Each structure stands twice: as structure tokens, then as C-alpha cells.
Amino acid sequence: MELTQAAVNELLARLEPAGGHVYLPIDLDPQALIDLLDGRYGTPRTLVLDGFTDPTADESRGAALLAPFEDRAVTIRAWAYGDQWVGAGTARDGAGIERPVLAVAHREVPEPPAPALDGDADADADIDWMQRLTHITGWKEPARRPDVDWTETESRLGTPLPGDYKRMVETFGEGAFDGYLDLNQEPWTYYRDEGLLIWAGTEHEDLYCWRTDGDDPDRWPVVVRSSDGEDVPFAYRTAEFVCRILTEPHHRFTMARYFDTHWFMNYRERG
């Protein structure tokens, strides 16, 4: 069996939506399967390691994936994605042979809490949202693009750019949050005549923009131009907006209801 995204998609389609599990060929590398899913769903949690089950594993942490294996699971990693748990690793089959496995189980998505009332705006102003973003995504690597020539970029665009956006590009480089929200390495200008610069976009064709009102780019608010052409304004700046959509399940553009851990998928390796 050749381990490709298409092959994994086919296996998952066979297991969805009711859930289930499948033993895979013994010569398939289980770590390669885990790495492939890791690139798709982010950092997994470990349910079973060397035959020992995490004692904190419960229904909120993917325990439903273990039921089909009883006490035969050897190593199982789990990912939360929407209303599903996806698991991969190894388990002993009916003959006692350790084989790679792939499993899917239903996940109860927590009801979103009622939106919190806006707090003290001055207190929020003191938060380093870029520092918070690196914490949320578990980012520990050196800055990917520390030497961006912003003077040249801003001169060519004819405008200064928000400082938190520039830090975001310098820190993460080319890629996407949760493999979904693509970070533009410099703003797109398609809607400049409408007072918008585009700093990110999604595979669903939502465009994340700034409303370029005023001379201070650090005060430009985010506007999402949705795939149906609606403009949805927010009072947040760039890094705060990304933090909120990653962590707030009630947010209109939330990613928190799909992933319970967050990461940044790099499109290029460091040189």
C-alpha cells in the first residue's frame, strides 16, 4: 500500500461518518501515517504509548478511539477535527500481531459559550498578541524571515504596514495557520480602490483585510470579505484577530470548533 494523502482520504471515507477502525498492511510505516495526519490536523495527543493508556484519557480526549482495540492498543495518537476523533498508530490484531491502524470515532463538539462582554480596551491594548499567538501555535522555531526589507515593500506599496503583521511574517514566514489560513507575505492590493488591503485568505475564499482608514496602520481594523462578497468588520488588529479565531468557538470565523490544538504549517523549509 502506497501511503499518500489520496490513500488516507479513501480510508477515512470508508470509516466515516459512523466511525470505525481498520488494520493496515504490516509493512506500512505507522510513523509515516502519523506524520501525514500531523501535517493535516496538527499536533496529536498521545492516548496509548508502548501499551500504556494515558490515565486522563476520557471522552473529551478521544477515548472513544480505543474501544475497538480493548487492551490491544500499543501506540495510539489522536486528533480532534470538527465532530470527529481521528486516531492512528499500532495495535495487535486477533492473532496478536502488531499492525498499523487507523480509526475514526464521533466527537461531541462543545456548545459554544455565550460571547463574553468586551473587556477593558486599555487592558487589551497592553497584551502582546504576537507573543500570545506564538504560544497558541506552540511556535518554538527561530524567525523564518527576520530580514524582510519592509522599507522597500512599504515604499513600493505606498503605505506603512501594521507592526504586528510585519512581526507575523518575520516570525512564521510562508505558510498557513492550522493549514487553513494562508498568511500573505505582503498585502494584496486587489481591493485597494475600496480602501482594503488583503493580508490573508482561506481555502474557502474568505479574504482577511484591513480597512486602511487613517495614517496609523497599527490602528487599522480587520475586515473579512466573505466568499459571498459580504464585508464583516471587526474592532481587532491583525494578531489579535488570529488569536481570537483560533481560540474562541463562538467567533463567526472560528477555527476552534475544528481543531483543539493549533499550529503553523510552513510551506518552505529553512534554507
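Helices (H or I, at least four residues) and strands (E, at least two) are DSSP runs, numbered from the N terminus. By that count the protein chain has seven helices and 13 strands. This is a predicted model: local features need pLDDT of at least 70, side-chain atom pairs count only at pLDDT 80 or more, and totals for chains, interfaces and linings use all residues. Residues are numbered from 1 along each chain as its sequence is written, and side-chain values use heavy atoms, with hydrogens and water left out.

**Overall**

- Along its principal axes, the C-alpha trace of the protein chain spans about 70 × 45 × 35 Å.
- Of the 271 residues in the protein chain, 44% are buried. Buried means under 20% relative accessible area, exposed over 50%, and partly exposed in between (1.4 Å probe, protein chains only).

**The six-stranded sheet**

- An open sheet of six strands runs in the order β1-β6-β5-β4-β2-β3, with antiparallel pairing. Two strands pair if DSSP finds at least two bridges between them.
- β1 (20–23) and β3 (52–53) are the edge strands, and each pairs on one side only.
- Strand β2 (residues 45–49) pairs with β4 in the antiparallel sense over three bridges. R45 has A78 of β4 as its bridge partner.
- Strand β4 (residues 73–81) and β5 are antiparallel and share eight bridges.
- The hairpin of β4 and β5 has two residues between the strands, and its G82 takes a positive phi near 55 degrees.
- β5 also pairs with strand β6 (residues 98–106), antiparallel, over nine bridges. G87 has A103 of β6 as its bridge partner.
- The hairpin of β5 and β6 has five residues between the strands, and G96 there takes a positive phi near 85 degrees.
- Why is strand β5 (residues 84–92) largely enclosed by the rest of the structure? Eight of its nine residues are buried.

**The largest nonpolar core**

- A nonpolar core is a set of buried Ala, Val, Leu, Ile, Met, Phe, Trp, Tyr and Cys residues joined through side-chain atoms within 4.5 Å.
- The largest such core has 37 residues. Those with the most contacts inside it are L133, M168, F177, L181, W199, Y208 and F241.
- Eight named elements each supply at least two residues of this core: α4 (129–136), α5 (150–157), α6, β8 (181–188), β9 (196–202), β10 (207–211), β11 (222–225) and α7 (238–247).
- α7 gives the largest share of this core, six residues.

- Helix α6 (residues 163–172) is mostly covered, with seven of its ten residues buried.
- The buried residues of α6 are D164, Y165, K166, M168, V169, T171 and F172.
- L183 is found in strand β8. L183 counts as buried because its relative accessibility is 5%.
- L183 and L161 are 22 residues apart along the chain, and their C-alpha atoms are separated by 14 Å.

**Second largest pocket**

- On a 1 Å grid over the protein atoms alone, a pocket is an open set of points where a 1.4 Å probe fits, with protein on both sides within 12 Å along at least five of seven lines; lining residues have an atom within 4 Å of a point.
- The second largest pocket holds about 410 Å³ of space. Grid points are joined across faces, edges and corners, and a volume is the space filled by probe spheres set on the points.
- This pocket is lined by 18 residues, and the closest to its centre are Y81, Y180, E203, H204 and Y258.
- Helix α2 (residues 30–41) gives the most to the lining of the second largest pocket, with three residues.
- The lining of the second largest pocket has nine nonpolar, four polar and five charged residues. Ala, Val, Leu, Ile, Met, Phe, Trp, Tyr, Cys and Pro count as nonpolar, Asp, Glu, Lys and Arg as charged, and the others, Gly among them, as polar.

**Cysteines**

- The structure holds zero disulfides. A disulfide is a pair of cysteine sulfur atoms within 2.5 Å.
- The sulfur of C243 is 19 Å from the closest cysteine sulfur, in C209, too far for a bond.
- C209 counts as buried because its relative accessibility is 0%. C243, at 2% relative accessibility, counts as buried.
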